[in-house]
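Colleague: Could you take me through the terms behind your description, one at a time?
Modeller: Gladly; here is the model to look at while we talk.

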Amino acid sequence: MSGLITWARIKSPWLFHFNSGSCNNCDIELLDALTPRFDVERFGILLEGSPRHADVLVVTGIVNRQTLPRLKRIYDQMPNPKIVVALGTCATSGGIFSEGYNIAGPVDKVIPVDVYIPGCPPRPQAIIDGIVKALAKIQALRGGKR
Amino acid sequence: MTKLKAVLEGFRALIKGPFTVRYPFEPSPPPETFRGAPKRDIEKCTACGACYQNCPTKAISILDLGKEVAVDVWYGKCIFCARCTEVCPEEAVKMSLTYDLSTYNKEEVRESVSMPAQRCQICGKLITSDRQVDKVIDRVKILPLPLNYHMMVSLCPECKRKQQATLLLGLRVERVPAITIPVAVSEKK
Ligand code: SF4
Ligand code: SF4
Ligand code: SF4
């Protein structure tokens with residue numbers, strides 16, 4: 001049974017995209033990756049509106065004090081096993097905003113992150129690369145442990 | 001009208017093949033002017049620190065490795081702005097076409113070049129690299145140089161100031177031993 005669930009998860013991972021205070025460029029590139037030009041739906045990847053149905057949480061942007069409790073709440077609402085992808089330089093390390101006055105991040109300071117995709121913004125190809133890496137991680141997490 | 005357009009698009013796709021980039025299965029090179037990960041030419045870089053001072057995100061650091069000095073850039077923090085390529089006096093750093101930087105461990109996406117370091121002959125503080133000292137000597141050679149210029153370029157600014165004061169004004173500052181080269185050489189070892 002758990003093998004079947006893992007198989008389903010790899011064949012069609014559902015993404016939840018959370019903007020934790022990014023400049024919006026990374027969000028646009030993520031949507032780019034979903035357009036027919038790059039088409040991550042080839043891998044069964046679907047953008048999902050609710051964290052309760054999602055397998056992968058894609059966080060863009062530096063986590064600021066406003067979004068911090070919301071990010072935590074969303075992370076708690078996701079079913080196990082959770083995969084978190086930090087998209088962009090901001091989410092990875094803070095990047096250009098790292099010395100801002102309202103910064104609570106980067107993302108891995110708040111929640112555990114599995115895959116980092118540096119780039120400001122990353123190319124859609126780099127995002128696909130990162131998501132493929134995340135899928136490999138889901139495969140490694142077989143059995144639903146986290 | 002839009003429906004007609006869609007049908008035409010469909011026919012075009014039949015002839016030209018799909019519009020989608022087959023990325024993970026086929027390489028998808030970026031355009032020539034793409035700003036990917038900045039890479040240093042180890043032959044040219046002198047660890048002068050101009051890129052380190054000008055990087056807007058402080059992605060670049062100058063590391064003191066004892067006998068060597070390293071210029072280290074962390075792509076996890078770099079925003080690919082190409083400021084470092086603009087300020088580099090040696091034109092040692094160039095934006096490459098590398099973009100697939102995604103990783104499980106963010107600390108490992110970095111590039112480091114190292115070269116022999118030049119330390120202050122008196123206090124042992126890191127000044128710059130050997131290569132930079134040679135460059136500086138090369139550039140000032142046209143001027144009449146004092147006899148001890150080799151020693152002067154291998155001191156940190158603070159020790160240099162004290163040394164100058166000692167030599168020029170005949171001051172004897174208690175904390176600075178007058179001529180300390182033999183001591184310094186043994187200290188270096
Ligand atoms: S990484 Fe760059 S493009 Fe992405 S949200 Fe941060 S500043 Fe914007
Ligand atoms: S500015 Fe150029 S020469 Fe100086 S440390 Fe940076 S890369 Fe090296
Ligand atoms: S490209 Fe910009 S952010 Fe990246 S290392 Fe160079 S100066 Fe720093």
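**Ligand shells and a buried alanine**

Modeller: Among the 13 residues around ligand 3, those that come nearest are B:Cys55, B:Cys78, B:Cys81, B:Ala82 and B:Cys84. A residue is near a molecule if one of its heavy atoms lies within 4 Å of it. This is a predicted model, where local features need pLDDT of at least 70 and side-chain atom pairs count only at pLDDT 80 or more, while totals for chains, interfaces and linings use all residues. Residues are numbered from 1 along each chain as its sequence is written, chains are lettered from A and ligands numbered from 1 in the order in which they are written, and side-chain values use heavy atoms, with hydrogens and water left out.

Colleague: What makes the shell around ligand 3 divide into nonpolar, polar and charged residues?
Modeller: Ala, Val, Leu, Ile, Met, Phe, Trp, Tyr, Cys and Pro count as nonpolar, Asp, Glu, Lys and Arg as charged, and the others, Gly among them, as polar. For ligand 3 that gives 11 nonpolar, 1 polar and 1 charged.

Colleague: Which residues are around ligand 2?
Modeller: Among them are B:Arg40, B:Cys45, B:Thr46, B:Cys88 and B:Val93. This shell has 8 nonpolar, 2 polar and 2 charged residues.

Colleague: And how does the shell around ligand 1 divide?
Modeller: Into 6 nonpolar, 5 polar and no charged residues; A:Cys23, A:Cys26, A:Cys90 and A:Cys120 are included in that shell.

Colleague: Why is B:Ala92 called buried?
Modeller: Buried means under 20% relative accessible area, exposed over 50% and partly exposed in between (1.4 Å probe, protein chains only). B:Ala92 has 3% relative accessibility, so B:Ala92 counts as buried. Of the 189 residues of chain B, 37% count as buried.

Colleague: Which residues is B:Ala92 in contact with, leaving aside its neighbours within four places in sequence?
Modeller: B:Lys39, B:Arg40, B:Asp41, B:Lys44 and B:Cys45, where contact means heavy atoms within 4.5 Å. B:Ala92 and B:Thr46, 46 residues apart in sequence, are 8.5 Å apart in space, C-alpha to C-alpha.
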